[in-house]
Amino acid sequence: MDIPLFLAVLMLLQFVCVFAGKVASRELVDEQDYFLAGKGVQFFPLVMSFIATQIGGGLILGSAEEAYRFGWSVLLYPLGAALGFVVLALGVGKRLASFSVSTVAQLFEKVYDSKKLKTVASLLSIISLFLILVAQVIGSRKFMANLTVDSLPLFLVFWAIVILYTVMGGLKALIAIDIIQALFFICVFCAGGVFVWWMGGGVEGVHSALTLESFDWSGSKLLGWLLMPLLFMVIEQDMAQRCFAAKTPGVVAKAAGCAGVATLLICLVPVYFGVYAREVGLVPFNGESVFMSVAKAATSPAMSAFLGCAVLMAIISTAISLINAVSSNLLQDFSWGMVETKEGSASRMGLMRSVTAGIGLLAVWISFSYQNIVDLLIESYELSVYCLVVPVTAALFQRRGRVLSAALAMGGGGVAFLWTRYLSTPIPKELFGLLISCVGFGLGECMALFYPARRFAEGR
């Protein structure tokens, strides 16, 4: 790989993103601009932002790794994210966009009339998203080390620039940057895929890869790949934030549908790379990713440099949306006692930027304390899904809900989460967690309907 070219392209892209963030920051007026881009995001920017948010380094590198083991069945890996977009396109995205809220947690106050449940939901969202953010930072450090660019000063400068343009312009800047980053990695992945396809003989060159390691179609891997990403997208603050920011609910539906198709098509490239690597007998050296092993072995040094930059752009595009989403939860779900004056607005803008910068810096700092947080990451991911999917989904389709039902659903999800940590379940743990949450919600509905006290029945 051409390392000087890799570094030159990487830093050029970073400074282009800084410029885009600077331009977007000139139009900031208030908090709605910073976190919701003025609620005026159009179709194409929203499509690109959806793609940039969901296609991260984990999806690209993970698809290649799994395809190296299982072959073409690994298309199910990105299918979970694609189906999540389909769910948004079929109505959930429209419903999210129709609420006058800024975070998913605020649905608990608006629909269930409960500030306490809003606080719990927000904390769950913050924990999950922050851990995913830390994983992105760790992933970028390991990826750069695998590319023999293992320089601490470079790593710190790299993330300092990322945090800088994330802070400057809020969601307005992020959407402009998403367009730049998504267009770059889409074009590079497609070019790299066509190059390897042409040199590798197309479909005929990978036909035997269909007989690789047997895939467990009934196991938790299938549920983890399909069900969990789909459900998490419904409660994921960074995705919901973009739905809230859309100009109209109809724009959300169209953009989500296009993003789902694009996500699946883009992920064909890393899946093909993994299948190709196994077919030609390519063994990754010293823990290197399958994706980059193929890039180095089957393309030119220049092309592999561009592919390396594309993977990092995918990591960054996910990370910056997570930083902004965590900041959104912290600042919009909790009271910070800022007065509504001109001076107060200026102070509020400074606070938003300071908190956003702090989140990014904290994630970088914590990334040096952990080498592998996969188990913790999965657990926090599952906890949010078990506790929030049922009450959030119910909130989307009723004007007024019962706080008792939502509380029991969240409590049931929490109990199921603890149960699956220490005890076996008669059905896959993902289904068990959702089932217990549904039972809790249903029990709350029954108690509210049949208890004679009106105040209790209304769930207040």
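## Exercises on a predicted helical chain

Val29 lies in the loop between α1 and α2 (31-36). The structure is a predicted model, in which local features need pLDDT of at least 70 and side-chain atom pairs count only at pLDDT 80 or more, while totals for chains, interfaces and linings use all residues. Residues are numbered from 1 along each chain as its sequence is written, and side-chain values use heavy atoms, with hydrogens and water left out.

**Exercise 1.** Determine whether Val29 is buried or exposed, and state how far Val29 is from Met349 in sequence and in space.

*Solution.* Begin with the classes: buried means under 20% relative accessible area, exposed over 50%, and partly exposed in between (1.4 Å probe, protein chains only). Val29 has a relative accessible area of 63% and is therefore exposed. Next, take the pair: Val29 and Met349 are 320 residues apart in sequence, and their C-alpha atoms are 8.8 Å apart in space.

**Exercise 2.** Describe the secondary structure and burial of the chain.

*Solution.* Helices (H or I, at least four residues) and strands (E, at least two) are DSSP runs, numbered from the N terminus. On this basis the chain has 19 helices and zero strands. Of its 460 residues, 57% are buried. Contacts are then counted, a contact being heavy atoms within 4.5 Å. Among contacts in the chain with a separation of 6 or more, 84% are between residues 24 or more positions apart.

**Exercise 3.** Characterise the packing of α3 against α11.

*Solution.* Axes are lines fitted to C-alpha atoms, for helices over the stretch in contact, and angles run from 0 to 180 degrees between N-to-C directions. The axes of α3 (residues 43-54) and α11 (residues 249-266) come within 8 Å and cross at roughly 45°. Angles under 35 degrees count as roughly parallel, over 145 as roughly antiparallel, 65 to 115 as roughly perpendicular and the rest as oblique. The two helices, α3 and α11, are therefore oblique to each other. The crossing of α3 with α11 is right-handed, a term used if the near helix is turned clockwise from the far one by less than a right angle (left-handed if anticlockwise). From α3, the residues in contact include Phe43, Leu46 and Phe50, and their partners in α11 include Val251, Lys254 and Ile266. By class, this contact of α3 with α11 has 13 nonpolar, no polar and one charged residues. Here Ala, Val, Leu, Ile, Met, Phe, Trp, Tyr, Cys and Pro count as nonpolar, Asp, Glu, Lys and Arg as charged, and the others, Gly among them, as polar.

**Exercise 4.** Describe the crossing of α1 and α14.

*Solution.* The axes of α1 (residues 3-25) and α14 (residues 301-332) come within 9 Å and cross at roughly 35°. The crossing is right-handed. Contributors include Leu5, Phe6 and Gln14 of α1, together with Ala302, Gly308 and Ile316 of α14. The contact of α1 with α14 has 12 nonpolar, two polar and no charged residues.
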